[in-house]
Amino acid sequence: MTASAGQTETIIILDFGSQYAQLIARRVRENGVYSVLARPDVTAEELRAYHPKGLIFTGGPASVYESGAPRCREELFELGVPILGICYGMQISCQILGANIRPAKSREYGRAALKVLQPAGLLKNLPAETSVWMSHGDQVEDAGGDFEVLASSPTCPVAAVRHKSRDFYGVQFHPEVTHTPHGNEIFVNFLYEICGCSGLWKMGSFIDSVVQQVRAKVKADENVLCGLSGGVDSSVVAAMLHKAVGERLKCIFVDNGLLRMNEVELVESTFRDHFRIDLTTVRAADEFLDKLAGVTDPQQKRRIIGHTFIDAFKSAAKAIPNARYLAQGTLYPDVIESGHSLAGQAANIKLHHNVGGLPAELGFELIEPLRDLFKDEVRQVGELLGLPETIVWRHPFPGPGLAVRCLGEITRERLETLRKADNILLEEIYAHGLYRKTAQTFAVLLPVRSVGVMGDGRTYENVVALRSVDTSDFMTADWSRIPYDILALISNRIINEVRGVNRVVYDISSKPPATIEWE
């Protein structure tokens, strides 16, 4: 973690295996307080280095009585900072502090009616009765004389507690999910009423701090390289580094022939013309497409694209003198997955190239100005830096580009068909005000042909699938309920305007079980 402004107030979140751990971290940050995730067995010494204002223990799928169930160190309760336990986090804490935990008589899953018994402190400003989201099999059976019960539900008599002599609070429900309508008030109460935070985590101060750090690190005769992809992460990195080192930022954009329609023009006009950034565009489409000829296996496509990109980037970088640093758009979820954080989780390395993942053997020293941020925070930074909305709010685009949306063999003709169909889809999504309301929308060219009738003649042509999803974190997603009349308009335009397509289908699968991309 870098020592950025706004991190003088930090909440450490111990992850006991919750699917909502990153959501909790985001809820804390949304309320103006910096947060980091940590593994359950983190030591008190490690935590003291962060000078935390408080700790949050997440939920998790385990039972406190299971063999090998995650357990925090008892020394954490001696740190002298407030602790909030959520679901399993409440159970394991209450057990350590002397309460009895038992399997619930009736397992609670879903919405439950909560009765607030103590409308102060943690539950300040909550109504006397409200709805919360439960998901547990065990619960605190006997809080004992050391705990005060703050709330209850019909099947969970101890739904929220406060320890009478230690600064510990627990809730059996999940305040971090939208299904708990007053959950944010609970976080606000914990952060400001109990932990005494003042809300120093602001994107403006974060930008100023990073700019100062970069200026102090990069010497006057040194250049910084940045690989642009056209996506929001690399774009924000470029804008931030340009603010820090000006003309000493050298951007490289590789045109691999797998980009969306007008992608090259958008990147060049934004960064070269608007921001006056030194931008080198590598025209490598023929090299990529020649190597992909005849390849249909998705993983082989990814490997070819990744290796070819590295070679193209390395060749362009050699022509730039005094380039000591490489800036990349690593985000906080990437740091967590790679195991390079307090969370300490196993690495989860993608097989395809992302601009934020160039290999260390290139020989540059890394600058990762976004490594403390979540995606929504990156967009905030982009807006503050003056990036256009078309860049800041652009839907995610996979590292291998259209290669994983052009199923089967990749040819120039098939790519052009896909680009035209995708462009029509996005034109109509924009025109009907749906782009910001959907999280990711794109077209897929399928490796099948279907029979059709056009102009009284039989056709045997391509099938295009439309994919649009709604999600806040991309870990789970549901298909977008685009109105039928808009889907009909999109379908008619694609079939009429894109030669070689006679059928359009709409993907209505959720994630899971499906993934968002098709390959």
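R276 is found in the loop between α7 (263–274) and β12 (278–283); helices here are DSSP runs of H or I with at least four residues, strands are runs of E with at least two, and both are numbered from the N terminus. R276 isn't a glycine, yet its phi is positive, about 60 degrees. With 64% relative accessibility, R276 counts as exposed (exposed means over 50% relative accessible area, buried under 20%, partly exposed in between, using a 1.4 Å probe and protein chains only).

H51 is another non-glycine residue with a positive phi, near 50 degrees. You'll find H51 in the loop between α2 (44–48) and β3, and it is exposed, with a relative accessible area of 60%.

## What you're looking at

This is a predicted model, so local features need pLDDT of at least 70 and side-chain atom pairs count only at pLDDT 80 or more, while totals for chains, interfaces and linings use all residues. Residues are numbered from 1 along each chain as its sequence is written, and side-chain values use heavy atoms, with hydrogens and water left out.

## The overall build

The protein comes to 14 helices and 18 strands. A compact globule of 519 residues would have a radius of gyration near 24 Å, and the protein agrees with that at 26 Å (taken over C-alpha atoms, the rule being 2.2 Å times the number of residues to the power 0.38). The C-alpha trace spans about 80 × 65 × 40 Å along its principal axes.

Of the 519 residues, 57% are buried. Take the contacts with a separation of 6 or more: 75% of them involve residues 24 or more positions apart, where contact means heavy atoms within 4.5 Å.

Helix α4 (residues 183–194) has 12 residues, and at 1.5 Å a residue it should span 16 Å; its end C-alpha atoms are 16 Å apart, so the two agree (the expected span is 1.5 Å times one less than the number of residues). Its buried residues are G183, I186, F187, N189, F190, L191 and I194. Their cover includes β1 (10–14), α1 (21–30), β3 (54–57), β4 (83–86) and β9 (168–171). After α4 comes G196, with a positive phi near 75 degrees.

Helix α5 (residues 203–217) has 15 residues and reaches 21 Å from its first C-alpha to its last, close to the 21 Å expected. M203, F206, I207, S209, V210, V211 and V214 are buried in α5, and what covers them includes α6 (232–245), β14 (365–367) and α11 (375–384).

V161 sits in strand β8 (residues 156–163) and counts as buried, with 0% relative accessibility. Leaving aside neighbours within four places in sequence, V161 is in contact with M90, C94, F147, E148, V149, L150, F168, Y169 and G170. W201 is 40 residues away from V161 along the chain, and their C-alpha atoms are separated by 29 Å.

S67, in the loop between β3 and β4, counts as exposed at 80% relative accessibility. S67 and Q19 are 48 residues apart in sequence and 21 Å apart in space, C-alpha to C-alpha.

The peptide bond from K511 to P512 is cis, with omega near -15 degrees. The bond from P512 to P513 is cis too, with omega near 10 degrees. P512 is in the segment after β18 (501–506), and P513 is placed in the segment after β18 as well.
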